[in-house]
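Please take me through this model stop by stop. At each stop, tell me what to select and what is there.

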Amino acid sequence: MRAQNTDLLHSMRFHATITGAGGVQYLQKEGQPGAGFSAVSTPEATVESVEYKEGTMIYTRKYPGAPTVSDVTMSRGVARRDSSFWDWLRVVIEGSGEYRATLTIDHFHRDTALPRSFPAAGDQNATNLNLDRPARTYICSEAFPIRHKVAADLDATASEISVMEIDVAYEHFEVVEGQLP
């Protein structure tokens with residue numbers, strides 16, 4: 001068991017699953033959880049107002065215009081032997097297969113406060129996350145990667161963890177609220 005106060009993995013409360021055509025899983029192996037992220041920009045929708053003036057009207061009327069959605073940026077630490085983001089982006093660049101997918105982002109809340117009695121006993125979930133029930137799920141449809149930074153800039157004097165990023169474009173999204181206990 002890892003100590004919670006020194007384990008950076010405990011902050012990864014966002015899990016992403018990317019399912020493409022034919023059920024292809026891009027970010028995880030069969031039977032394993034989705035990729036954990038330390039930072040995820042949530043989907044955002046915008047509707048511009050459109051002004052319209054008819055006939056002899058003095059003032060213009062405002063109507064909702066076409067909706068647009070912003071791209072999602074996800075960040076996580078670089079992991080050995082994991083090139084899943086790069087593999088997905090290469091499919092987009094090379095046109096070598098179906099690249100559109102459904103991006104599902106599960107946001108988990110801690111069921112109890114992080115501090116707990118010492119020593120830890122039993123088979124308690126060390127992260128205190130209820131992995132069976134996300135608090136909220138964002139489902140981004142028709143998603144594909146548009147930018148991938150494979151690692152942090154190379155600096156021999158830096159002591160930070162190398163972080164990879166991926167930007168994902170999508171066409172529309174839904175928000176599904178989790179069930180309360």
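This is a predicted model: local features need pLDDT of at least 70, side-chain atom pairs count only at pLDDT 80 or more; totals for chains, interfaces and linings use all residues.

Residues are numbered from 1 along each chain as its sequence is written, and side-chain values use heavy atoms, with hydrogens and water left out.

**Aromatic pairs**

A search of the whole structure gives three aromatic pairs. Rings of Phe, Tyr and Trp (its six-membered ring) pair if their centres lie within 6.5 Å; planes under 30 degrees apart are stacked, over 60 edge-to-face, and the rest tilted.

Select Tyr-52 and Tyr-63: the ring centres are 6.5 Å apart and the planes are at 65 degrees, so this pair is edge-to-face. Tyr-52 is in strand β4 (residues 45-52) and Tyr-63 in strand β5 (residues 61-69), so the pair ties together parts eleven residues apart in sequence. Helices (H or I, at least four residues) and strands (E, at least two) are DSSP runs, numbered from the N terminus. Tyr-52 is partly exposed, at 44% relative accessible area, and Tyr-63 is partly exposed at 39%. Here buried means under 20% relative accessible area, exposed over 50%, and partly exposed in between (1.4 Å probe, protein chains only).

Next select Tyr-99 and Phe-144. Their ring centres are 5.7 Å apart with planes at 80 degrees, so this pair is also edge-to-face. Tyr-99 sits in the loop between α1 (84-94) and β7 (101-107), and Phe-144 in strand β8 (residues 136-149), so the pair ties together parts 45 residues apart in sequence. Tyr-99 is partly exposed at 27% relative accessibility, as is Phe-144 at 21%.

**The nonpolar core**

Which residues touch the most other members of the largest nonpolar core? Select Phe-37, Val-40, Val-72, Met-74, Leu-103 and Val-168, out of 19 residues in that core. A nonpolar core is a set of buried Ala, Val, Leu, Ile, Met, Phe, Trp, Tyr and Cys residues joined through side-chain atoms within 4.5 Å. The elements giving two or more residues to this core are β1 (14-20), β6 (72-77), α1, β7, β8 and β9 (163-169).

Centre on Val-168. Leaving aside neighbours within four places in sequence, its contacts (heavy atoms within 4.5 Å) include Met-74, Trp-88, Leu-103 and Phe-144.

**Helix α1**

Colour Ser-84, Phe-85, Trp-88, Leu-89 and Val-91, which are buried in α1. They cover an arc of only 150 degrees around the axis, which puts them on the same side of α1; the arc is that of the directions from the helix axis to the C-beta atoms. After α1 comes Gly-95, with a positive phi near 65 degrees.

Tyr-138 lies in β8 and is buried at 10% relative accessibility. Its C-alpha atom is 5.7 Å from that of Thr-104, 34 residues away along the chain.

Finish at Asp-167 in β9, buried at 12% relative accessibility. Which side chains does Asp-167 join by a polar contact of 2.7 Å? One is Thr-73, and another is Arg-147. A polar contact is a pair of N or O atoms within 3.5 Å; within protein, one must be able to donate a hydrogen and the other to accept it, and residues adjacent in sequence count only if both atoms are side-chain atoms.
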